[in-house]
Amino acid sequence: KSIDIEVEYRWNDHLEEFAQNTFAKIKNDIRSVEAMNPAVKLEFISGVQSDEVWVLGYGPRKAGSHESDLTLYEPEVPPRCFEIIPSKEGPLFKTSHPDIVKLNGESVEKSVLKSKDEISLKETRIRVSLIE
């Protein structure tokens, strides 16, 4: 004779299952960060994030539609649009998508940023200022 026992599935059980499934996929990427010298101010002057301002005091920093660091909400842009990386010459702009992401209207893969530079992608335009 078998006995049917109904087991209650509790909130803690859901949480434990979620944690085990999620934490197995998370990688702890150890990265070194450096001061951005000078700091970089990115001011959105057009696009869906118009009037938003980011101040970057350390790097490297990554911007894109799938980046949790600097998320871009412009529709149909790459998961990683560009990076801003500290360098001896100053903050370095770098992109793998020079056909979509322009610097001062030009297709450039990398360049040291200067005040008044403009990063553009689709309808979004971002003015660069360097903060000494």
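Colleague: Is Trp 54 buried or exposed in this predicted model?

Modeller: A residue is called buried when its relative accessible area is under 20%, and Trp 54, at 11% relative accessibility, therefore counts as buried.

Colleague: How many aromatic pairs does a search of the whole structure find?

Modeller: The search finds two aromatic pairs. In one of them, the ring centres of Phe 44 and Trp 54 are 4.9 Å apart and the planes meet at 75°, so this pair is edge-to-face, given that planes over 60 degrees apart are classed that way. The pair links distant parts of the chain, since Phe 44 belongs to strand E1 (residues 34-46) and Trp 54 to strand E2 (residues 53-59), 10 residues apart. Phe 44 is buried as well, with a relative accessible area of 2%.

Colleague: What are the ring geometry and the setting of Phe 82 and Phe 93?

Modeller: Their ring centres lie 5.7 Å apart with the planes at 35°, so the pair is tilted. Phe 82 is in strand E5 (residues 82-85) and Phe 93 in strand E6 (residues 92-94), so the pair ties together parts that are 11 residues apart in sequence, and both residues are buried.

Colleague: Where is Glu 67 placed, and which side chain does Glu 67 join through a polar contact?

Modeller: Glu 67 is in the loop between strand E3 (61-64) and strand E4 (70-71), and is buried, with a relative accessible area of 14%. Its side chain is joined to that of Arg 80 by a polar contact of 2.8 Å. Leaving aside residues up to four places away in sequence, Glu 67 touches Lys 62, Pro 79 and Arg 80.

How values were computed. Residues numbered from 1 in each chain as written. Predicted model: local features only at pLDDT ≥ 70, side-chain atom pairs only at ≥ 80, totals over all residues. Heavy atoms only, no water. Helix = DSSP H or I, 4+ residues; strand = E, 2+ residues; numbered from the N terminus. Buried < 20%, exposed > 50% of the residue type's maximum accessible area, 1.4 Å probe, protein only. Polar contact = N/O pair within 3.5 Å; in protein donor to acceptor, adjacent residues only side chain to side chain. Contact = heavy atoms within 4.5 Å. Phe/Tyr/Trp six-rings, centres within 6.5 Å; stacked < 30°, edge-to-face > 60°.
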